[in-house]
Amino acid sequence: MYRVPRGTSDILPKEQAYWRYIEQEVANICQLYGYERLDAPAFEDTQLFSRSVGEGTDIVEKQMYTFQDRGGNQITLRPEGTAPICRAYLEHGLHSLPQPVKLYYITSIFRYERPQSGRYRQHYQFGYEAIGDDDPALDAEVIDTAWQFFLALGLHLLSLQLNSIGCKKCRPGYLTVLKDYYANYTRDLCSDCKTRLKRNPLRLLDCKKPLCQQIANSAPRSIDYLCQQCDTHFNKLKRYLELLELPFIVNHCLVRGLDYYTRTVFEIQPEAEGAQSTLGGGGRYDDLIEELGGKPTPAIGFASGIERIILNLKRQNIPVPALPRPRVFIANVGDEAKDETVKLASTLRKNGIGVIEAIGSKSLKAQLRQANTLGVHHTVIIGDEEIKAGTVILRDMTTAQQKTILINQLQGLLK
Ligand code: AMP
C-alpha cells in the first residue's frame, strides 16, 4: 500500500470547510487593506532562497528540497513565500507603481522538517507583503492586518509579540555585545546553540531548550543597542500600535528564523501554547530587494500557516460554515424511471439545483437509506406509475412525509 510521504497529508472532503472558510477570510481581509493576489511558481532558482533566507539558517542548511532538473538547473521547492514575491516585484517592474505595492499569496511551502503536530514537510501559508516604504505606520498596519485577520476568524486568547532587531548599521554592535555575554555560558548551551554562537548568534535568543531560554532571558536586549533611526522607528511603531489598541508585548528574545529581517519583527501566538505553535509572524526586510539586485526598497510582510490556524480553530471549538451540497436526491424504480431520472437530474442542475441521482440498481429502500446518509432535504421518487401520470413523489427527509406532485411543479417547489 502506498501512503502519503512522511510529513505531508491529504486534505479530505470533511476538512475542506475549514480551508474554504480561511480562504474566504483571507480574501476579505486583503480586500479591506488593499492587497492583491500574486501566485508565483512552486519552484525557483536555488540561489534566490539561499541568498535571501541566509546561508546560516535552518531552512537553507537543513530543510530545502533542492535538486537538479533534467536541464541541469539547480531548483528549490519554495521553502517560504517572501523571496518569490520580491523576485516577481523586480522582474515585472512593480517599483514603477505607486508604493507601497501590496501583494498576498496562499501557497504550498516545502521544508524538510522533523514532522510533529503543526509541523509538516509540505504545509500551506497565507502571507502578504507591503513593498516600497519604511514608514512605521506601514509596520503598524501590517501588524493590524494580521491581528484583525485572526479576530475575524473567531480566534481569541492570542498574544502579539514585538521586537526590533535593528539594521545593518546598528546590529553588528549589538551582536558583539551578545557574543560577549554568551561567551560566559558556552558550556551550558545546547549543541545547536554552540554552532549558532559562531554562525548566527541572534538565533541563540529563540532556542526552545529550557536552559538556553533561561540564559537568553537575561541576555542584552537588541532594543537597547538600536541606532537613532531604528530607535525612532520603533518608538513611532509602538505609538501607532497603541493608537490601534493592539495589545503588544515587547519580547527581546523574538528574532525570527530568516536572515533577511531588519528592524521590526513580530509574532502572533496562541496564549496557551506560546512560541512552539506560533500562528504567524513577520517583519521588515529593508535590504532584501537590494540584495536581489533591485534599488534600495524597504518592505515588510507577514505569513501564517493554514494548518496551524485550523488546529487553533478546532482547539477553540470555533464552528466554520458548512460547504453547500446538493439538497435533492432522485430515487427510481424501473428502467423507464431511470431514463427519467437521468433527464430530470440534468434539467434541475441546469437550473442551479444541486442533485444526486441514484446510481446502480439498488432497491428503493437502499436508495432512501443512501439519501438519508447524504443528508439531503428532499428525495424525488419516480416509478412507472408516476411516469404514466406525469408526476413524481416528493419526500421530505426530515418529516418522512410524501406527496405526489406534477413533474412540472417540481422545480418551482424545490427552488
Ligand atoms: P515562517 O516562514 O517560518 O516564519 O513561518 C510562518 C508560519 O508558517 C509559522 O508561524 C507557522 O504558522 C507556519 N509554519 C512554519 N513552518 C511550518 C511547518 N513546517 N508546518 C506547518 N506550519 C508551519
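## A tour of the predicted chain

Begin with the charged side chains: the chain carries 51 positive and 48 negative ones, and the centres of the two sets lie 5 Å apart, where Lys and Arg count as positive, Asp and Glu as negative, and His and the chain ends are not counted, and where each charge is placed at NZ of Lys, CZ of Arg, CG of Asp or CD of Glu. What you have open is a predicted model, in which local features need pLDDT of at least 70 and side-chain atom pairs count only at pLDDT 80 or more, while totals for chains, interfaces and linings use all residues. Residues are numbered from 1 along each chain as its sequence is written, and side-chain values use heavy atoms, with hydrogens and water left out.

**The whole chain.** Switch to a cartoon view, in which the secondary structure comes to 15 helices and 16 strands; these are DSSP runs (H or I, at least four residues, for helices; E, at least two, for strands), numbered from the N terminus. Along the principal axes, the C-alpha atoms fill a box of roughly 95 × 50 × 50 Å. The radius of gyration of the chain is 28 Å, whereas a compact globule of 415 residues would have one near 22 Å; the radius is taken over C-alpha atoms, and the globule rule is 2.2 Å times the number of residues to the power 0.38. Of the 415 residues, 51% count as buried (under 20% relative accessible area, with exposed over 50% and partly exposed in between, for a 1.4 Å probe and protein chains only).

Select E25, which lies in helix 1 (residues 16–33). What is the nearest side chain of opposite charge to E25? It is R20, 13 Å away, and E25 is buried yet has no salt bridge (a side-chain nitrogen of Lys or Arg within 4 Å of a carboxyl oxygen of Asp or Glu). Leaving aside neighbours within four places in sequence, E25 is in contact with F149, A152 and L153, contact meaning heavy atoms within 4.5 Å. Next select P13, in the segment before helix 1, which is exposed with a relative accessible area of 68%. P13 and I309 are 296 residues apart in sequence, and their C-alpha atoms are 18 Å apart in space.

**Salt bridges.** Side chains of opposite charge can pair when their charged atoms come close. In this model the count comes to 17 salt bridges.

Select K62 and D58, whose side chains meet at 3.6 Å, N to O. The two are 4 residues apart in helix 3 (residues 58–63), and are therefore separated by about one helical turn. K62 is partly exposed at 48% relative accessibility, and D58 is also partly exposed, at 25%.

E61 counts as partly exposed, at 39% relative accessibility.

Now move to K168 and D287, which meet in a salt bridge at 3.7 Å, N to O. K168 lies in the loop between strand 7 (158–164) and helix 6 (171–183), and D287 in the loop between strand 10 (280–284) and helix 10 (288–291), so the pair ties together parts that are 119 residues apart in sequence. K168 is exposed, at 58%, whereas D287 is buried, at 16%.

Finally, select E44, R87 and E91, which salt bridges with shared partners join into one network.
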